[in-house]
Each structure stands twice: as C-alpha cells, then as structure tokens.
Amino acid sequence: MALLLPSLTGGSRKKRSQFISVDLGSRTSKAALLERHGDKFSLKRYALLDAPIFDKKISPELLADHLHALADALGNPTKYISVAVGLGDSVVRSVEIPKLPADQMRSMLKMNHKNYMQQDLPNHVFDCHVLPGNIQAPAATSPDAPRAPGGVAKVRVLAAAAKQQFVNDLIQAASSAGLVADSLVPSVIGPINAFELAQPEIFKNETIALVDIGFKHTSVCVLDRGELATNRVINIGGDQITAGLADVMNINYAEAEGIKVGMAPEVESALQMQVLPLGREIRASMDFFEHQHDRPVSQVFVSGATARSEMIIQMLHTEVLVECKVWNPTAALQLALSGQQAVEIDHVGPQLAVAIGTALATY
C-alpha cells in the first residue's frame with residue numbers, strides 16, 4: 001500500500017536495493033536502513049534521535065541538520081530517503097472517485113477536496129492509490145458498476161493530502177543536507193504496510209485494529225481482511241499520558257515517563273486515569289466500524305514507544321473489551337544488525353512501525 005506524493009516522485013521512481021526511511025517524530029525521530037534481496041528485506045541499521053524541537057514548528061534549517069544527523073547515524077549508505085508525513089500534516093481517506101488516469105484523479109481531488117476528503121484542505125498536495133481489488137474488478141466495467149455523471153465508472157481509492165508548506169520545507173531541508181527526498185508517505189500507512197509483512201495471515205483473514213501511539217497523536221486503523229476500512233487520528237498521545245501522570249503525582253516529566261514505561265504497580269490507579277480517555281476513543285473508533293459493517297474487531301495490535309508499557313496495554317484491553325497486544329514490525333525482516341542494536345531490537349521494534357512501513361511503501 002503506497003501513497004507517494006507526486007510532487008516528489010514526478011510520476012516515476014527507480015526501485016532501489018537500499019533505502020533510508022525517516023519518521024519525523026515530535027519528540028523522537030526514527031530512521032531505518034533497509035536492503036532488498038529479491039522478495040526479502042533486511043534491516044541493516046536503525047536510529048532514534050531526539051527531535052531538535054518539539055513545542056513549535058521546526059525550521060527548514062533545523063530540519064536539514066536533523067536529517068543529516070539521521071543519515072550519519074545510519075552510515076550515509078545512500079542519498080535517497082523516504083519520509084513519513086506526520087498525522088498533523090497529512091490526511092488519508094478511503095473514497096470513491098471516477099476511474100480516470102492518475103493525474104486526472106489527483107486534479108479531481110484537488111478541485112473537490114472538501115467533498116472527497118470531508119474537510120477543507122487549501123494549500124495541500126494530493127495523491128491517490130487505487131485499492132488492489134479495483135485494479136481488475138469486474139464491477140468497475142460491468143453495467144451495474146457505480147458510475148459518475150457522464151457514465152464514467154467509479155473505483156475505490158485511498159486519497160491522501162499533505163500540507164504544501166511541509167512538502168516544500170522537506171525538499172529544501174533534504175537538499176541542504178545533501179539528500180534527495182525520494183518520496184513522501186502518510187505516516188498512517190506505515191504500520192499497515194509493516195503489519196502486512198509481519199503478520200500476513202492475520203492481515204488477510206481477520207478484522208483487526210492497528211493502534212500506533214505517537215507523542216502527540218494516536219492513529220487507529222481498522223483493517224477488514226486486508227483492506228483499510230476506516231482510520232482516525234486521536235489527539236491523545238504518550239506526551240499527554242506522561243504529563244497527566246506527572247501532574248497527578250506531583251513529580252517531574254522525566255520521572256513520570258520512567259514510571260509509565262517501568263510498570264510500577266503503586267501508580268496503577270493514577271496511570272489508569274490518563275489511559276482511560278485514549279481507551280474510550282479507540283473503542284469509539286471500533287464501534288463506528290462495527291455499526292457500519294456489522295462485523296466485530298477481533299484483536300487490537302499496538303505500536304509506538306508507549307506500547308513498551310505492559311500495564312498500559314492491559315488497561316487498553318480492559319477498556320476496549322478486545323484483546324490488545326504489542327506487535328513487532330521487524331518480525332518478517334532479516335536482521336543484519338550488529339552490536340547493541342542487535343540486543344535492543346526486540347525492545348525498540350514497536351517504535352519502528354512507521355519507519356519500516358514507510359520504506360516498504362516504496363516497493
């Protein structure tokens with residue numbers, strides 16, 4: 001599943017054997033170096049670096065320095081990078097649109113974004129990805145296929161929009177860092193791609209929710225037998241949970257973060273107060289799907305740094321009334337890591353879901 005914004009791809013891309021993907025976090029940025037061998041992928045190295053600033057918009061100059069540092073941490077194997085567009089800078093929707101050439105579909109999205117994307121998105125770049133079932137679907141050409149005015153058949157696509165200013169800043173920053181921004185991928189797509197590779201049977205045969213808990217936001221994607229049925233961004237992340245815990249316990253932020261991840265049982269009730277709103281919003285997202293499709297979500301798979309807390313996963317399980325578990329996006333990758341990275345990958349893995357899935361989107 002790929003949404004590669006055309007302002008960067010120019011409509012065609014060379015598939016490379018080695019590639020860097022970057023997940024620009026509000027607090028911590030994650031980068032991964034993947035290498036392809038036939039139909040297999042290996043993880044050669046990863047990097048987790050503190051973001052240069054997290055309380056306001058980053059400048060292109062600071063972003064250039066940050067991208068350069070991430071590439072350095074990976075050994076500078078290539079100048080081409082793929083970047084995840086964060087939840088605050090991108091929108092993804094599943095929509096029906098007339099079956100037209102790709103450039104015309106993008107133009108239609110741009111001209112009618114309020115209708116298709118369900119919100120006003122001025123100064124955005126648009127792209128779309130025809131869902132696999134539509135590529136050769138008989139319904140698309142049959143007399144009974146849904147048709148737009150004028151008799152043009154419709155297809156279901158994933159439509160994406162990214163802020164034009166973010167795109168411009170990224171291109172400028174990458175160039176200043178001696179890199180080439182090869183593609184942009186909405187970050188919500190990352191965990192889906194990584195999960196398909198890591199858990200193909202569950203991906204194809206079950207109805208599940210993927211929950212990626214970021215610093216400021218949480219994404220919830222309901223996958224129905226390999227298809228993205230619905231997705232939502234919740235304005236609650238690990239930062240709000242940590243800050244709330246610090247306030248309730250009258251401790252500093254760093255202490256609260258350690259307690260949150262460290263599973264101290266004496267703070268269970270205080271932590272539960274902070275996790276409860278997130279659990280309710282996840283449950284509401286699942287309810288929306290279940291009421292629309294009359295099909296239950298069987299499991300919830302959680303990723304992100306906050307997923308390292310077993311206590312939080314248990315609390316989410318209690319609130320959403322469905323089994324919640326942490327998953328490892330590196331499960332189907334060949335691990336070619338060395339030193340401390342090889343030792344820490346099981347612990348770090350859940351934080352790399354967006355970065356790994358962004359790399360896979362380019363293939």
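**Reading a sheet and a helix pair**

Guide: In this predicted model, six strands make up an open sheet of mixed pairing, and their order is β9-β4-β1-β2-β3-β15.

Visitor: Which strands stand at the edges of the sheet?

Guide: The edges are held by β9 (180-186) and β15 (334-335), and because each has a single partner strand, one side of each is left without a neighbour in the sheet.

Visitor: In what sense do β1 and β2 pair, and over how many bridges?

Guide: Strand β1 (residues 18-23) pairs with strand β2 (residues 28-37) in the antiparallel sense, over six bridges, and within β2 it is A31 that stands opposite V22.

Visitor: Which strands does helix α13 touch, and which does helix α14 lie across?

Guide: Helix α13 (residues 339-348) packs on the sheet by touching β3 (40-50) and β15, its direction making about 80° with that of β3. Helix α14 (residues 353-361) lies across β1, β2, β3, β4 (80-85) and β9, and runs at about 135° to β1.

Visitor: How should I read two packed helices?

Guide: Two packed helices are described by the angle between their axes together with the distance between those axes. Here the axes of helix α2 (residues 60-73) and helix α6 (residues 164-176) come within 8 Å and cross at roughly 50°, which makes α2 oblique to α6. The crossing in which α2 passes α6 is right-handed.

Visitor: Which residues of α2 and α6 meet?

Guide: From α2, P60, E61, L63, A64 and L67 meet D169, L170, Q172, A173, A174 and S176 of α6. Sorted by class, the contact of α2 with α6 has seven nonpolar, two polar and two charged residues.

Key
Residues are numbered from 1 along each chain as its sequence is written. This is a predicted model: local features need pLDDT of at least 70, side-chain atom pairs count only at pLDDT 80 or more; totals for chains, interfaces and linings use all residues. Side-chain values use heavy atoms; hydrogens and water are left out. Axes are lines fitted to C-alpha atoms, for helices over the stretch in contact, and angles run from 0 to 180 degrees between N-to-C directions. Helices (H or I, at least four residues) and strands (E, at least two) are DSSP runs, numbered from the N terminus. Angles under 35 degrees count as roughly parallel, over 145 as roughly antiparallel, 65 to 115 as roughly perpendicular and the rest as oblique. A crossing is left-handed if the near helix is turned anticlockwise from the far one by less than a right angle, and right-handed if clockwise. Contact means heavy atoms within 4.5 Å. Ala, Val, Leu, Ile, Met, Phe, Trp, Tyr, Cys and Pro count as nonpolar, Asp, Glu, Lys and Arg as charged, and the others, Gly among them, as polar. Two strands pair if DSSP finds at least two bridges between them.
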